[in-house]
Amino acid sequence: MSVLAGKVVAITGASSGIGEATGRLLAARGAAVVLGARREDRLDALVKEIRAGGGRAIACVTDVTRRADLDRLVRRAVEEFGQLDVLVSNAGIAKLGPVADVDVEGWSAMIDVNVRGVLHGIAAALPVFRRQGRGHLVTTVSTAGLKIVPSQAVYAGTKNAVRTILEALRQESTDGVLRTTSVSPGFVRTELADSIDDPGERERIRRRVEEFALDPAAVARAIGFAIEQPDDVEIGDITIRPAVQN
Ligand code: NDP
């Protein structure tokens, strides 16, 4: 029997890219998955696919910028499957561009989705994890936060804010109830470039993704690896990038 059989995993940003691939992989390995994002049609299509393969999945329309939506995502997991073992806070956007462009709207949008969205997930999941006596928070951060390059300042900042929050949470939670994992992917072939408003930056990233990028399933396997560990083993950080990425 798969080690994930019996685990319940909620995933934000599950309508495309890394979140979609993670939902598909974890369900195939026996987990019940609760898929959150704003595009309901995409979530429904994935639920249908997983159920057709004998897996367990439900969709829950979720905008991570709204705290009540995360409360509902967590509640739906518990109502439908009796518990929540893991929350994968994966939803994210990348409004890349030089700081000097002063894209205040883009900065705010990234802070709302990439940081506030993760905090909303933590706020929703922690009480359930405490009640259960166990729980696991996984976030998708980025190598952009590890190797600082121009045009990614605020995006990288949001990812490093999340990494910092998770590390502090880890140190505050040594009673064995909570595990935390930050997964830092390099270039991955997803729809993320579509969220870039600056046309030059969007094309630059698209070209790099065409040149070399991981399949989202590779990141899903890394997330699966962290989740599959026994309860007393915590994989804190995973960096995963194309072998040719500098
Ligand atoms: P995608 O654009 O394919 O996926 C992003 C997901 O986030 C979508 O499911 C989207 O769903 C969801 N999302 C966006 N805004 C919101 C919101 N307000 N509420 C809920 N969901 C939202 O890109 P990726 O799969 O690449 O991105 C997943 C994560 O991986 C992101 O955090 C990204 O920063 C990170 N990452 C990606 C890398 C890459 O090269 N692709 C590299 C490093 C990190 P919907 O629009 O339906 O709401």
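**Terms and their values**

Modeller: Thr143 counts as buried because its relative accessibility is 9%, buried being under 20% relative accessible area, exposed over 50% and partly exposed in between, with a 1.4 Å probe and protein chains only. This is a predicted model, in which local features need pLDDT of at least 70 and side-chain atom pairs count only at pLDDT 80 or more, while totals for chains, interfaces and linings use all residues. Residues are numbered from 1 along each chain as its sequence is written, and side-chain values use heavy atoms, with hydrogens and water left out.

Biologist: Where does Thr143 lie, and what does Thr143 touch?

Modeller: Thr143 is in the loop between strand S5 (135-140) and H5; helices (H or I, at least four residues) and strands (E, at least two) are DSSP runs, numbered from the N terminus. Not counting residues up to four places away in sequence, Thr143 touches Ser184, Pro185, Gly186, Thr239, Arg241 and Gln245, where contact means heavy atoms within 4.5 Å.

Biologist: Why does Val149 count as partly exposed?

Modeller: Val149 has a relative accessibility of 31%, and therefore counts as partly exposed. Val149 also lies in the loop between S5 and H5.

Biologist: Why is Ser151 called buried?

Modeller: The relative accessible area of Ser151 is 16%, so Ser151 is buried. Ser151 is likewise found in the loop between S5 and H5. Its phi is near 75°, a positive value in a residue other than glycine. Most residues other than glycine have a negative phi.

Biologist: Why is Ser89 buried, and which residues is Ser89 in contact with?

Modeller: Ser89 is buried because its relative accessible area is 6%. Ser89 belongs to strand S4 (residues 86-89). Leaving aside neighbours within four places in sequence, Ser89 is in contact with Thr12, Val118, Val138, Thr139 and Thr140.

Biologist: What makes Phe187 and Phe212 an aromatic pair that is edge-to-face?

Modeller: A search of the whole structure finds one aromatic pair. Phe187 and Phe212 form this pair, with 5.6 Å centre to centre and 90° between the planes. Rings of Phe, Tyr and Trp (its six-membered ring) pair if their centres lie within 6.5 Å, and planes under 30 degrees apart count as stacked, over 60 as edge-to-face and the rest as tilted. The pair links distant parts of the chain, 25 residues apart: Phe187 is in the loop between strand S6 (178-185) and helix H6 (199-211), and Phe212 in the loop between H6 and helix H7 (216-227). Both Phe187 and Phe212 are buried.

Biologist: What is the largest nonpolar core, and which residues have the most contacts inside it?

Modeller: A nonpolar core is a set of buried Ala, Val, Leu, Ile, Met, Phe, Trp, Tyr and Cys residues joined through side-chain atoms within 4.5 Å. The largest has 43 residues, and Val34, Leu84, Phe129 and Leu137 have the most contacts inside it. Its largest share, nine residues, comes from H4. A second, separate core of 34 residues includes Leu26, Val33, Ala57 and Ala220.
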